[in-house]
Amino acid sequence: MRLAFITSNPGKVEEARKYFEPLGVEVYQLRFEYPEIQADTLEEVAEYGLRWLAGRIDGPFFLDDSGLFIDALKGFPGVYSAYVYRTLGIDGILRLMAGVEDRKAHFRSVIAYWDGEVHLFTGRVDGEITREKRGTGGFGFDPIFMPRGFDRTFAEMTTDEKNSISHRGRALKAFSEWLKENLK
Ligand code: ITT
Ligand code: NA
């Protein structure tokens, strides 16, 4: 089976590819700009994008909307993560967090799959914002996010390792289990 992943982010594709490879599912990137609405939840953003694309793309496909939620910043950047990454960047987040003791944060991913209907799969990972950037792997906020129970950031992990604990890995797991049940 081949699955189209609608995203502009090659790092996400790499993770989904690695996840699905052993399951015999080939993931390929399809670049197709879609509107990301301003909404309170990742679910709303993902579902709106999915339905918008459904009228424009043939066959099944999925997308992923993710965000980093920092406790001390009341959940910011959350649904604004892509914008904040492009503007403030990682260094801006570290500056906002300078002198802040409570470093707790989590990532969430919502995978939205279209097969004629909307299917949503979610995943979350808890951890903390480091005091400086560490590692060169991964993408986005990975160099400043350390998952709970580890002393390495996501950027210091292999893709397989990150997938085994990450928000996206968990959403991919739920998605793949659903596919297994529903494609029989
Ligand atoms: P799309 O085209 O798939 O939307 P994007 O990079 O804009 O790609 P999102 O809106 O879902 O994706 O991501 C929000 C931001 O959070 C963005 O800057 C990402 O780099 C970052 N991000 C998402 N998942 C991440 C992860 O697993 N590790 C680190 N940063 C992540
Ligand atoms: Na985006």
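Reply: Begin with one residue: Thr159 has a relative accessibility of 22% and counts as partly exposed. Buried means under 20% relative accessible area, exposed over 50%, and partly exposed in between, with a 1.4 Å probe and protein chains only. This is a predicted model, in which local features need pLDDT of at least 70 and side-chain atom pairs pLDDT 80 or more, while totals for chains, interfaces and linings use all residues. Residues are numbered from 1 along each chain as written, chains are lettered from A and ligands numbered from 1 in the order written, and side-chain values use heavy atoms, without hydrogens and water.

Me: Where is Thr159 found, and which residues does it touch?

Reply: Thr159 is found in helix H5. Helices (H or I, at least four residues) and strands (E, at least two) are DSSP runs, numbered from the N terminus. Contact means heavy atoms within 4.5 Å. Not counting residues up to four places away in sequence, Thr159 touches Glu14, Glu15 and Lys18.

Me: Which residues of helix H1 are buried, and what covers them?

Reply: Helix H1 spans residues 10-20, and its buried residues are Gly11, Lys12, Val13, Glu15, Ala16, Tyr19 and Phe20. Their cover includes strands S1 (2-6), S2 and S3, with helices H5 (159-165) and H6 (167-182). Asn9 caps the N-terminal end of H1, with a side-chain oxygen 2.8 Å from the backbone nitrogen of Gly11.

Me: How many residues surround ligand 1?

Reply: A residue is near a molecule if one of its heavy atoms lies within 4 Å of it. For ligand 1 there are 20, and the closest are Thr7, Ser8, Lys12, Asp142 and Lys162. A polar contact is a pair of N or O atoms within 3.5 Å; within protein, one must be able to donate a hydrogen and the other to accept it, and residues adjacent in sequence count only if both atoms are side-chain atoms. A polar side-chain atom of Thr7 lies 2.5 Å from an oxygen atom of ligand 1. From Lys12, a side-chain N or O atom is 2.8 Å from an oxygen atom of ligand 1. Ser66 uses a backbone N or O atom instead, at 2.8 Å from a ligand 1 oxygen. On its own, ligand 1 has 600 Å² of accessible area (Shrake-Rupley method, 1.4 Å probe), and the protein covers 92% of this.

Me: What does the side chain of Ser109 contact?

Reply: The side chain of Ser109 makes a polar contact of 2.7 Å with the side chain of Ser66. Ser109 is found in strand S4 (residues 104-114) and is buried, because its relative accessibility is 0%.

Me: Which feature does UniProt place at Asp65?

Reply: The unreviewed UniProt entry places "active site" there, at Asp65. UniProt positions are given in the numbering used here, feature names are shortened, and annotations may be inferred rather than shown by experiment. Asp65 is in strand S3 (residues 61-70) and is buried, with a relative accessible area of 9%. Among the residues that Asp65 touches are Glu36 and Ser109.

Me: Where does the backbone have a cis peptide bond?

Reply: A cis peptide bond joins Phe76 and Pro77, with omega about 0°. Pro77 lies in the loop between S3 and helix H3 (81-87). Lys74 lies in the loop between S3 and H3 as well; it is not a glycine, yet has a positive phi of about 55°. Lys74 counts as exposed because its relative accessibility is 82%.
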